[in-house]
Amino acid sequence: MGRPVTVARVLRLAASSAAGAAAALVAIVSLGWSATPQATPLPRPKLSLRENKRPLSQADLAAAAAWARRFRSCAAARNLILTEPTIGENEVVITGPAGQRITAAQSQKAFACGVKVGDPPPSLTFALLASDRQLHLYKPRACLLPAVEEPPA
Amino acid sequence: MNVRRARVAAQHASLALVSFLFVLLAWELVHTTGGVSAAVARGRTPPAPTFSQEALDGSGSITLDDYAGRVVVINFWASWCGPCRVEAPVLERLWRKWRSHVVSFIGIDVRDSKDAARAAAKAGGVSYPLADDASGRVVQLYGVGALPATFIVSPQRRVVYAHVGFVAAAELDARIRRVVDAG
């Protein structure tokens with residue numbers, strides 16, 4: 001049998017709870033938890049390829065298509081046959097022969113041509129991305145940072 | 001009798017400990033913001049996390065606290081990020097326009113080599129202070145997942161604007177004006 005529950009006992013237990021809670025609040029205030037947002041690692045932002053494309057002018061598209069043709073010639077010399085580059089929504093798209101999708105291994109092979117042909121035009125703003133088993137040449141709005149695994153020291 | 005007293009004391013101590021931990025947990029859950037970016041996206045104006053980083057030009061350190069009372073535009077960038085390099089001249093123009101109006105600019109170079117960053121800054125004609133964040137400490141503090149990212153800190157040290165990606169000059173100019181006018 002436990003001890004009978006009395007008002008005095010309940011009050012004593014409540015006082016213990018309150019003391020614990022008060023100690024926590026003192027710790028929170030003294031450590032300044034309320035003053036600075038937590039440095040929590042964030043997941044990568046949801047930025048799809050479509051959302052990350054900046055609008056391209058006709059001059060941009062022409063320059064990108066010209067670069068993609070040089071890239072295609074380089075790939076052909078490495079036995080990777082690509083289709084004539086096509087202009088999509090704010091991008092130039094390269095696919096495999098007869099519209100076939102480019103495999104990951106072929107993408108790796110193709111990217112070697114990036115070194116040979118040089119940076120996409122103008123070199124600072126275009127990006128070549130393998131997505132949906134196609135190669136997309138576009139102007140990105142933002143560069144994703146690698147996901148952070150641990151909070152900083 | 002002593003055993004009973006000890007048991008009662010242990011009960012009270014346990015209860016106090018549980019309350020202590022419960023309050024800490026509740027506080028953490030309520031105040032976990034996911035970083036400054038997430039808080040601003042929810043319409044809040046969180047306090048700007050302070051930082052003190054080595055200046056990219058080796059002139060010492062750049063500390064947010066040194067800019068107390070000013071509007072501070074913080075731009076996270078890197079030399080390896082094309083949009084950041086395109087954006088640099090835009091920021092430089094705005095910096096030159098606003099610097100006499102209690103507005104300061106700080107560039108935070110993220111996960112970059114110092115030599116590449118200095119070269120990119122020189123190529124972009126950047127003259128506002130640049131700080132090194134090779135470890136990514138500050139970028140994480142501000143909850144930035146992509147570059148470029150731009151924040152405006154009010155004179156009250158609140159983050160009042162956050163933008164991820166290339167920011168248009170007119171957009172940033174209007175935002176700065178709004179913060180300056182609000183005092």
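## Helix α4 of chain B

Let's start with helix α4 of chain B, residues 114–123, where A117(B), A120(B) and A121(B) are buried. They sit on the same side of α4(B) because they cover an arc of only 100 degrees around the axis. That arc is the one made by the directions from the helix axis to the C-beta atoms. "Buried" has a cut-off: 20 or more other C-beta atoms lie within 10 Å of the residue's own, while 12 or fewer makes a residue exposed and anything in between is partly exposed, with C-beta atoms placed from the backbone. Helices (H or I, at least four residues) and strands (E, at least two) are DSSP runs, numbered from the N terminus.

The buried residues of the helix pack against α3 (82–98), β4 (103–110) and β5 (130–133) of chain B. Two residues are in contact here if their C-beta atoms, placed from the backbone, lie within 7 Å. After α4(B) comes G125(B), with a positive phi near 70 degrees.

## How to read this model

This is a predicted model: local features need pLDDT of at least 70, side-chain atom pairs count only at pLDDT 80 or more, and totals for chains, interfaces and linings use all residues. Residues are numbered from 1 along each chain as its sequence is written, while chains are lettered from A and ligands numbered from 1 in the order in which they are written.

The pLDDT score is the predictor's confidence in each residue, from 0 to 100. Chain B has a mean pLDDT of 88, and 95% of its residues reach 70 or more. Within chain B, confidence is lowest in α2(B), at a mean of 74, and highest in β1(B), at 97. The model scores ipTM 0.71 and pTM 0.67.

## The two chains

Chain A has three helices and five strands, in the order α-α-β-β-α-β-β-β along the sequence. Of its 153 residues, 22% are buried. If you take the contacts in chain A with a separation of 6 or more, 64% are between residues 24 or more positions apart.

Chain B comes to six helices and eight strands. Buried residues make up 40% of its 183 residues. In chain B, 71% of the contacts with a separation of 6 or more link residues 24 or more positions apart.

## Helix α3 of chain B

How far apart are the end C-alpha atoms of α3(B)? They are 25 Å apart, which agrees with the 24 Å that its 17 residues should span at 1.5 Å a residue. The expected span is 1.5 Å times one less than the number of residues. The helix does bend by about 30 degrees at A88(B), and a proline, P89(B), follows within four residues. That bend is the angle between axes fitted to the seven residues ending there and the seven starting there.

Among the buried residues of α3(B) are C84(B), L91(B) and W95(B). Their cover comes from both chains: it includes β3 (127–131) and β5 (143–144) of chain A, together with β3 (71–77), β4, α4 and β6 (146–147) of chain B.

## Strand pairs and turns

In chain A, strands β1 (residues 86–88) and β2 (residues 91–94) run antiparallel, joined by three bridges. Strands count as paired if DSSP finds at least two bridges between them. G88(A) stands opposite E91(A), and the hairpin has two residues between its strands, with N90(A) in the turn at a positive phi of about 55 degrees. N90(A) counts as partly exposed because it has 17 C-beta neighbours inside 10 Å. β2(A) also pairs with β4 (residues 134–138) of chain A, antiparallel over three bridges, and V92(A) faces L137(A) there.

A149(B) stands opposite V164(B), and R157(B) takes a positive phi near 65 degrees.

## Loops worth a look

Find P46(B) in the loop between α2 (36–41) and β1 (52–54) of chain B. Is P46(B) buried or exposed? It counts as buried, because it has 22 C-beta neighbours inside 10 Å. P46(B) and V159(B) are 113 residues apart in sequence and 5.6 Å apart in space, C-alpha to C-alpha.

P148(B) lies in the loop between β6 and β7 of chain B, and the peptide bond from L147(B) to P148(B) is cis, with omega near -5 degrees.
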